[in-house]
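Me: I would like to learn how to read the features of a protein model, one at a time. Could you walk me through this one?

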Amino acid sequence: MLVLRSTPGANTSVDTWPAILTIVLFFLSNLAVIFPLRLPVPVAVLRPTHHVLALTRVLPHRRPQEFAKPRYIPLNFITVPLASVLLLLAIGVFDRETVHDGVVGTAGVSPLNIMALFISLAYISISLDATGLLRFLAFWVANKGGPSGRRLFAYLYAFFFVCGVIVGNDPVILSGTAFLTYFTRAAGITPPTAWIFSQFAAANIASVVLVSSNPTNLVLSGAFSLSFPRYAAHVALPSLAGALCVFPVLLLGLFRAPALVPPRIDTALSPAELRAALVDPAGARFAGAVLLATLAVLVGASTAHAVPVWAVTVPPAALVLLRDAHHDWARRAHAPPPEHEGGARTRALSPYELQEPASPLPSPSPSPPPSPVPGAPDPNRHGALLPVLQRARSRFEAAFPTVAHVGGRLPGALLPFAFAMFVLVQGLAAQGWVALFARGWAAWVRRTGVLGAVGGMGALSCLMCNFCGTNIGATILLARVLQLWLAPTSTTSAASFSAGASPGAPAVDPRERDGALYALALGSNVGACTLTFSASLAGLLWRAILREKGVRVRAREFLLLNLPLSGVAMLVGCAVLVAQVYVEHGRA
């Protein structure tokens, strides 16, 4: 039985310097997500540092003129939280137990379990996308839409919603964004604002439904011992209702101009062109079957609590990885021998590269590599470590292009960021801040009841996604607040929460408990499309893909278009959630 306990030695007052320093560094870490900076490295520091690394053969030797190029240290969502944790650990504010509880887990939240589950499912989903399946299905849906622009807009909105439910929002953002930029360019729709914003909204509203669709859902299910069916049963209807009400706002409100959603679009593809989008049919069948089987086993395992969820998802991900590696190796073995031309070696293309359509714009011819300066020393002559690793990486990418592509698309940056945020929130709990927030939340709910619990948590979680280190940081913090609100004494267990009781403390109304918990689930997903790109890592990824495709979305445009969409989705979803808790638990 898992016992919710307070951190030993936790402060009861927040007016001490360790508590103040902890929350200041926590907010600075969140600020770095919203406003990343670059810190220039002085040449006086760069030269001796590089000299030491060159002597130890980590980096190659560089010519003096190469130091004229400025170098920077990024201050972003990875470096600042990690530096904050290391600083607090170095000066003794954090102890070994705080770091252990933040990484290994406490109070039902197991970061290692959550990240293993998320990364393994992400690999399966991205591998499935690399086969061209999502692109093929998007073209198939576009063909079914016929020449009617509005019908096609509705079909694609529904398609992205269904895909977001099954595979999560990240694969939909990865594949759907690139598809829409190509599709709208081919159809002559400029700008593609209506199509990309509808896809972004659909993906983030849909990711509420399954625990596996978003890491924030994994945090909640772990913190409150929620089985997959129980979680989905409470959020499916609010998510669907929100998506249905958002669509008229998109089509009849924000994007009613014919230039944004033309009344007629002629983009029909022949069967041969449609089949060409699916570059690896066998891989699509294999990865699709593995994903569906994994999700089915997850539902059963989470209900029975027989095995940890990571043990259900990691082996299938390893199986898909082995299949991708075998596919690459077999194709390499049957490929013609590499040709040498001008010292450059050709390599096999990954399925992702094969499915990318040719750009209608002429690409600039590649410039020839710079000729070596006579008499200049070869920077790689002494066998420095970095060039050796770069050559090994190039060989690996040439031999296993699919594995390299899928691995490069994995949200690896999420790991250090999430672990650092887990540790910082655990530090806030140890310093008494989380208990203070929990008392404030309890006072709010006592005054406002069920409506305040649902509406307040929905609004709070949406706003905190923008100012609390993405929706992951907001969910980690608010989940700890709700844990202390529901279990104010050390004798409260997860089993008693599941039964609706709180031994040793006044029982919380189950309508308020379920309303606040599932409103947090709604807000942590819908909050990704509210005010800022940094409200979620998916938003940052969406903006990066659009920039790569030549589409610029300004921060002001993002806010003005997403605010009414997220507002409608949350109002409708929270209203349905209030009705659900009254139907489930009665009036009093």
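Me: Before that, what kind of model is it, and how are residues numbered?

Reply: The model is predicted, so local features need pLDDT of at least 70 and side-chain atom pairs count only at pLDDT 80 or more, while totals for chains, interfaces and linings use all residues. Residues are numbered from 1 along each chain as its sequence is written, and side-chain values use heavy atoms, with hydrogens and water left out.

Me: How many helices and strands are there in the protein?

Reply: Helices (H or I, at least four residues) and strands (E, at least two) are DSSP runs, numbered from the N terminus. Here the protein has 24 helices and four strands.

Me: What share of the residues count as buried?

Reply: Buried means under 20% relative accessible area, exposed over 50%, and partly exposed in between, with a 1.4 Å probe and protein chains only. Of the 588 residues, 50% count as buried.

Me: And how many of the contacts join residues at least 24 apart?

Reply: A contact means heavy atoms within 4.5 Å. Among contacts between residues at least 6 apart in sequence, 82% join residues at least 24 apart.

Me: Now helix packing. At what angle do α19 and α22 pack?

Reply: Axes are lines fitted to C-alpha atoms, for helices over the stretch in contact, and angles run from 0 to 180 degrees between N-to-C directions. For α19 and α22 (residues 510–526) the angle is about 10 degrees, and the axes are 7 Å apart. Angles under 35 degrees count as roughly parallel, over 145 as roughly antiparallel, 65 to 115 as roughly perpendicular and the rest as oblique. The helices α19 and α22 are therefore roughly parallel to each other.

Me: Which residues in α19 and α22 meet?

Reply: On the α19 side they include Trp441, Val445, Gly449 and Val450, and on the α22 side Arg511, Glu512, Gly515 and Ala516 are among them. For classes, Ala, Val, Leu, Ile, Met, Phe, Trp, Tyr, Cys and Pro count as nonpolar, Asp, Glu, Lys and Arg as charged, and the others, Gly among them, as polar. The contact of α19 with α22 has 11 nonpolar, six polar and two charged residues.

Me: How do α19 and α24 cross?

Reply: Their axes cross at roughly 145 degrees and come within 10 Å. A crossing is left-handed if the near helix is turned anticlockwise from the far one by less than a right angle, and right-handed if clockwise; the crossing of α19 and α24 is right-handed. Val450, Leu451, Val454, Gly458 and Cys462 of α19 make the contact with Met570, Cys574, Leu577, Val578, Val581 and Tyr582 of α24. That contact has 10 nonpolar, one polar and no charged residues.

Me: What about α9 and α24?

Reply: Helix α9 (residues 193–206) packs against α24 (residues 555–585) at about 45 degrees, with the axes 11 Å apart. The two are therefore oblique to each other, and their crossing is right-handed.

Me: Which residues of the largest nonpolar core touch the most other members?

Reply: A nonpolar core is a set of buried Ala, Val, Leu, Ile, Met, Phe, Trp, Tyr and Cys residues joined through side-chain atoms within 4.5 Å. The largest one has 155 residues, and Leu156, Trp195, Phe224, Trp441, Trp485 and Trp542 touch the most other members. Helix α19 (residues 433–467) gives the largest share of this core, 13 residues. Leaving aside residues up to four places away in sequence, the neighbours that tryptophan 485 touches include Ala438, Trp441 and Val508.

Me: Where is phenylalanine 419 found, and is it buried or exposed?

Reply: Phenylalanine 419 is in helix α18 (residues 414–430) and is buried, with a relative accessible area of 19%. Phenylalanine 419 and proline 111 are 308 residues apart in sequence and 6.9 Å apart in space, C-alpha to C-alpha.

Me: Last, what should I look for in the backbone?

Reply: Most residues other than glycine have a negative phi, and most peptide bonds are trans. Serine 225 has a positive phi, near 50 degrees, and lies in the loop between α10 (215–223) and α11 (228–254). A cis peptide bond, with omega about -5 degrees, joins threonine 190 and proline 191; proline 191 lies in the loop between α8 and α9.
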